[in-house]
Amino acid sequence: DKRGMVFFIEMEGKKVCGGFCDSIFQITGKKYMGTDQSFLFIYKPEESRILWRATGINDTILFGDHEYFTFGSGGEGCAIRLGSDLEQGQTNQSDTFGNELVND
């Protein structure tokens, strides 16, 4: 039984970022989900698309509780972090994906 999830986030300037995780999101509050089959992406209409696969440096792919949702970690922080309202978020360079800033 293969299951997973894809998520998309519309950002300013018609950019879209998101990711794929090979696990279904569940609020565990205790453990990360996903494996190195996961990836992070950004689509910028003027620049095409960029994709970062999980590096294998850590296994901190997907985490969430009732206050926030994160994708990736390490380095400067979470590749993507969204608040529970899904309106406010932040991006960072993360070791999980070896990505540049998604909102640059």
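Reader: Happy to dig in! Which residues does Q88 touch, not counting residues up to four places away in sequence?

Author: Contact here means heavy atoms within 4.5 Å. Residues are numbered from 1 along each chain as its sequence is written, and side-chain values use heavy atoms, with hydrogens and water left out. This is a predicted model, where local features need pLDDT of at least 70, side-chain atom pairs count only at pLDDT 80 or more, and totals for chains, interfaces and linings use all residues. Leaving aside residues up to four places away in sequence, Q88 touches R81, L82 and G83.

Reader: Thanks! Is Q88 buried or exposed?

Author: Q88 is found in the loop between β7 (80–83) and β8 (89–91); strands are DSSP runs of E, at least two residues, numbered from the N terminus. Buried means under 20% relative accessible area, exposed over 50%, and partly exposed in between, with a 1.4 Å probe and protein chains only. Because its relative accessibility is 55%, Q88 counts as exposed.

Reader: Nice. What is the angle between the planes of F7 and F71?

Author: Rings of Phe, Tyr and Trp (its six-membered ring) pair if their centres lie within 6.5 Å; planes under 30 degrees apart count as stacked, over 60 as edge-to-face and the rest as tilted. By this rule there are 8 aromatic pairs. F7 and F71 form an edge-to-face pair, with 5.0 Å centre to centre and planes at 85°.

Reader: Where in the chain do F7 and F71 lie?

Author: Both F7 and F71 are buried. Their pair links distant parts of the chain, 64 residues apart: F7 is in strand β1 (residues 5–10) and F71 is in strand β6 (residues 68–71).

Reader: And Y68: which residue has its charged end over the ring of Y68?

Author: Y68 counts as partly exposed because its relative accessibility is 23%. A charge sits over a ring if NZ of Lys or CZ of Arg is within 6 Å of the ring centre and within 35 degrees of the ring normal. The charged end lying over Y68, 3.8 Å from the ring centre, belongs to R81.

Note on methods:
Helices (H or I, at least four residues) and strands (E, at least two) are DSSP runs, numbered from the N terminus.
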